[in-house]
Amino acid sequence: MMRETILEAVNLRKHFRSGGGLGRTANTVRAVDGVSLEVHRGETFAIVGESGCGKSTLARLLMRLLDPTEGDVLFDGRSIAGLRGRTLRDLRRDMQFVFQDPFSSLNPRMTVGKLVGEPLETHSPELSARERRAKVAELLGRVGLRPEHAGRYPHEFSGGQRQRIGIARALASGPRLIIGDEPVSALDVSVQAQVINRLHDLKEEFDLTLVIIAHDLAVIRHMSDRVAVMYLGQIVETGPSEQVFANPRHPYTRALLSAVPEPVYGRAHDRMALKGETPSPSAPPDGCRFHTRCPFATEECRKRVPEMREMAPGQGAACHHAEKIAAEHGSPVAVTGSGRSEGAERRFAMYAEAIADRGA
Amino acid sequence: MLAFIGRRLLVAIPTILLISVFVFLLQQLLPGDPILAMAGEERDPATIEFLREKYGLNDPLPVQYFKWIGGVIQGDLGISLRTNQPVSELLLQKLPVTIQLAVMALIFAVVIGVPAGILSAVKKGTVVDYAANVVALSGLSIPNFWLGIMLILLVSVKWGLLPASGYTPPGEDLVRSITTMLMPAFVLGTALAATLMRHTRSAMLGVLKSDYVRTARAKGLYERRVILRHAFRNALVPIVTLTALLFGELVAGAVLTEQIFTIPGFGKLVVDAVFNRDYAVVQGIVLCTAVGFIVMNLLADAAYFALNPRLRKS
């Protein structure tokens, strides 16, 4: 089944130069280094990775808030590089964004009504002020706010409410694609679910395509159809979410998943703790970028850059040893024994003994 | 907001009183004796004693101060020892002149400095930015008096475009009043324009990096709207503060400019009064300037309310 592609990145690179000047050599930070991906119409596509892996830069490239050093982004099959004036405004109407920080991303000196109404002014100038107000009220209602909130300022709202204002704002122009750059990571955990659910409902209601960038797998797992895992500026694994979560093929994905606490009692899993820090994106390791931290790394990994290979239908991973690792270690979320580790068993035994002693 | 301004006014009262004490005491430290200057050549001891008694200079300092401040509260700033005119009358004569000069200079400064600052922030790192900075630096480093003299030479003497000096009250001939003041205002305004430009630039640079400006861009707004409505409005607070403080500085800075263009304003009055040890006049002027400063600050604070909705409710 081939679905229509709405957004496509082709070998996208963004390098930043930092430092330098006055005799010092400049560093080139390879924030995004050769990313290709396809987002299908109507799906929720997630991009995950640790902080510093370049996912926010990737988001900005996709939104064209940054221009790529190399490569291209296609929206509806058209390159968005070099768009200016009218065509860029049209793109902004069709493709909207929800930003990470709901506190700093809303202009503190404008009322909510103005903030949400502004895209309407630009993209639907034919609306009268009255119609615009009605539309704003409707949008606020859609995100669970009241119409009278339009007269208030952003600082009068909580984080979750602000993020919903951000969503209403993003919806105002009537976009077909919304990109969320860590849309809930700045919120309390209790509010995260609320905002995520809201986004999900709105996606159905407005027939949207969502691209969600996150470092939190729990958030991704529940709402995304497909997922791409990023490490040091590159995508190391991609595929349908269920498949990737159940059966990760790249050791980095395994490590990420094993770090997610499992809320089900008795479902402990092999923890795969990563050694060391992420290497600096200004001096990425040769060969496979993950080899410095990968417990399965071999000589080959140090020398040869792994290519993205199809592992299962729709699922690809960039690892030389993906098959071997899967064969030897199975799925990292497999149930093991009683669900208690050896140490835990010993502790339980000791408690039991202590209680027995006291009783005597 | 009214409560806030009321509170600020209450705070202003002790501030002004404190300033008045300082002014009064500093006067006492000045060398020289006005009575000796008044008594003339003979310096007849009886005359001196009479004059001292007449002007209350034999009273202990606190008594002198309270007599003076008591008068001030009733609008009586004392009598000039030199011209025997009431100080308040002198001030009322000269103040409008200096205010006209300062306001015009401020208009110059804002009209030149703020747009230049916005432009150089938006075009950061380009030729426009560098050019604006070079001009600003020149504006700051060229001394007022030199610029004034050069302008007189060029504009008035050589080209005969504007009058070289003097003053015409606006009530008498508005056009002439403004044209006469054009050059002095420009001279006085250049340094301010440069300061304003630098501050506007740095405030704008900070705001342009902020998330909500990115949001505004992402909305697909026209760049002009992003810069003026989203960025500039948020950069305005430091600019307003600075403008208010600069206005106070303008009145003080006017001294030199007034001398160059022989404008009968505050500056000339201060210089003359200091040289003549005309205590009452100097006290009156300093007090008046201080009050002006406080009023400008109050206006700036009030402007914050208009600019920053977060202040309104708390």
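**Helix packing, sheet and chain contact in a predicted model**

Good morning. The axes of helix 3 and helix 5 of chain A come within 7 Å and cross at roughly 20°. Axes here are lines fitted to C-alpha atoms, for helices over the stretch in contact, and angles run from 0 to 180 degrees between N-to-C directions. Helix 3 of chain A is therefore roughly parallel to helix 5 of chain A, a term for angles under 35 degrees, with over 145 counting as roughly antiparallel, 65 to 115 as roughly perpendicular and the rest as oblique.

This is a predicted model, in which local features need pLDDT of at least 70 and side-chain atom pairs count only at pLDDT 80 or more, while totals for chains, interfaces and linings use all residues. Residues are numbered from 1 along each chain as its sequence is written, and chains are lettered from A and ligands numbered from 1 in the order in which they are written. Helices (H or I, at least four residues) and strands (E, at least two) are DSSP runs, numbered from the N terminus.

Which residues meet between these two helices? From helix 3 of chain A come Val112(A), Leu115(A), Val116(A), Pro119(A) and Leu120(A), and they meet Ile165(A), Ala168(A), Arg169(A) and Ala172(A) of helix 5 of chain A. Contact requires C-beta atoms, placed from the backbone, to lie within 7 Å. By class, this contact has eight nonpolar, no polar and one charged residues. Ala, Val, Leu, Ile, Met, Phe, Trp, Tyr, Cys and Pro count as nonpolar, Asp, Glu, Lys and Arg as charged, and the others, Gly among them, as polar.

Helix 5 (residues 159-172) of chain A also lies across strand 6 and strand 7 of chain A, running at about 175° to strand 6. These strands belong to an open sheet of eight, with mixed pairing, in the order 6-7-8-3-9-10-12-11 in chain A. Strands pair if DSSP finds at least two bridges between them. The edge strands are strand 6 (95-98) and strand 11 (309-312) of chain A, each pairing on one side only. Strand 7 (residues 177-181) and strand 8 (residues 209-214) of chain A run parallel and are joined by five bridges. Asp181(A) stands opposite Ile213(A) in strand 8 of chain A.

Finally, the contact between the chains. Chain A contributes 21 residues and chain B 19 residues. Helix 3 of chain A gives the most to the side of chain A that touches chain B, with four residues. That side has eight nonpolar, seven polar and six charged residues. Thank you.
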